[in-house]
Amino acid sequence: MTEPILELKNVSTVVNKGTASETTILKDLSLTINPGDFITIVGTNGAGKSTLFNVIGGNLIADAGQVLHNGHDITHQGEVARTSFLSRVFQDPKLGTAPRMTVAENLLLATRRGQRRRLRFRGLKPRMAEFAQLAASMNNGLENRLNTATGALSGGQRQALSFLMATLKRPDILLLDEHTAALDPHTSATLMQATNARITEDHLTALMITHHMEDAIKYGNRLLVLKAGQIKADLTGKQKAALTPEKLAAYFE
Ligand SMILES: Nc1ncnc2c1ncn2[C@@H]1O[C@H](COP(=O)(O)OP(=O)(O)OP(=O)(O)O)[C@@H](O)[C@H]1O
């Protein structure tokens, strides 16, 4: 039997503890993620999707319950320690890349994810061909901008770079936090196709938050609907394949 790569057991998170506005966000949430799962996550604003990623990423420590990585309890492990096995791409193209460094320098930095990073760029030249090939796989001209400062890229190219950086050194868990949301429809679709190709080819384990119902249905092997801090639906196989945006919207009610 396959061992889960990540497990959340009865996780709860509370904000504004001890005040009149104390609120439980995630409520006794349990989730088992198997290697190779590509899970799309939908839910209304405030359902707890980002909070779930914060608990998985170590930005937020659960108030109750456990988080296990390959069977090891990492509930209290911080964000930095988790970068050795986990990476995350955010909605904002400015996050995740260093603006003054070139595309190639950022990629080299990403090869050292989870290690102590020193800003030395020896070893860049021999990797340029490899980086050009990787950048070309994103289908948006990034390969022609390897020596460009990241801050001068288009939003789509910068998100493509963030995605490459997150996957260059294979993570056990990849978190995509609405990573196409700030892009125009065409650019968003291009990035989504490249994302799916990379996840599928490399058998990555990934979770993707999205407000695009079509993308949530089309991509991945599993779909979660989050509602009021709990998993309202966990759909795979024929159930997922039979979904339409209308049927999916019904889970929100
Ligand atoms: N630090 C905090 N203090 C107070 N309330 C918080 C805090 N963090 C999150 N919340 C609240 O918890 C709820 C869940 O937030 P979360 O960001 O996880 O939702 P979400 O599903 O990601 O929403 P969205 O789709 O808008 O990004 C929201 O009502 C939010 O206002």
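**View 1. The whole protein chain.** The protein chain has 9 helices and 12 strands, where helices (H or I, at least four residues) and strands (E, at least two) are DSSP runs numbered from the N terminus. Its radius of gyration is 18 Å, close to the 18 Å that the globule rule gives for 253 residues, so the chain is as compact as a globular protein of that length. Here the radius is taken over C-alpha atoms, and the rule is 2.2 Å times the number of residues to the power 0.38. Along the principal axes, the C-alpha atoms fill a box of roughly 50 × 45 × 40 Å. Please keep in mind that this is a predicted model: local features need pLDDT of at least 70, side-chain atom pairs count only at pLDDT 80 or more, and totals for chains, interfaces and linings use all residues. To find your way around, note that residues are numbered from 1 along each chain as its sequence is written.

**View 2. The shell around the ligand.** Look for Val-15, Asn-16, Ile-25, Gly-43, Asn-45, Gly-46, Ala-47, Gly-48, Lys-49, Ser-50 and Thr-51, which surround the ligand (a residue is near a molecule if its C-beta atom, placed from the backbone, lies within 6 Å of it). Helix 1 (residues 49-57) gives the largest share of this shell, 3 residues. Sorted by class, the shell has 3 nonpolar, 7 polar and 1 charged residues; Ala, Val, Leu, Ile, Met, Phe, Trp, Tyr, Cys and Pro count as nonpolar, Asp, Glu, Lys and Arg as charged, and the others, Gly among them, as polar.

**View 3. Helix 5 beside helix 6.** The axes of helix 5 (residues 155-168) and helix 6 (residues 185-201) come within 10 Å and cross at roughly 15°. Axes are lines fitted to C-alpha atoms, for helices over the stretch in contact, with angles running from 0 to 180 degrees between N-to-C directions. That crossing makes helix 5 roughly parallel to helix 6 (angles under 35 degrees). From helix 5, Gly-156, Gln-159, Ala-160, Phe-163 and Thr-167 meet Thr-187, Leu-191, Ala-194, Thr-195 and Arg-198 of helix 6; contact means C-beta atoms, placed from the backbone, within 7 Å. These contact residues divide into 4 nonpolar, 5 polar and 1 charged.

**View 4. Helix 3 beside helix 5.** Helix 3 (residues 103-110) packs against helix 5 at an angle of about 25°, with the axes 8 Å apart. This makes helix 3 roughly parallel to helix 5. Val-103, Asn-106, Leu-107 and Ala-110 of helix 3 make the contact with Leu-161, Leu-164, Met-165 and Leu-168 of helix 5. Here the contact residues divide into 7 nonpolar, 1 polar and no charged.

Terms used: Parallel < 35°, antiparallel > 145°, perpendicular 65-115°, else oblique. Contact = placed C-beta atoms within 7 Å.
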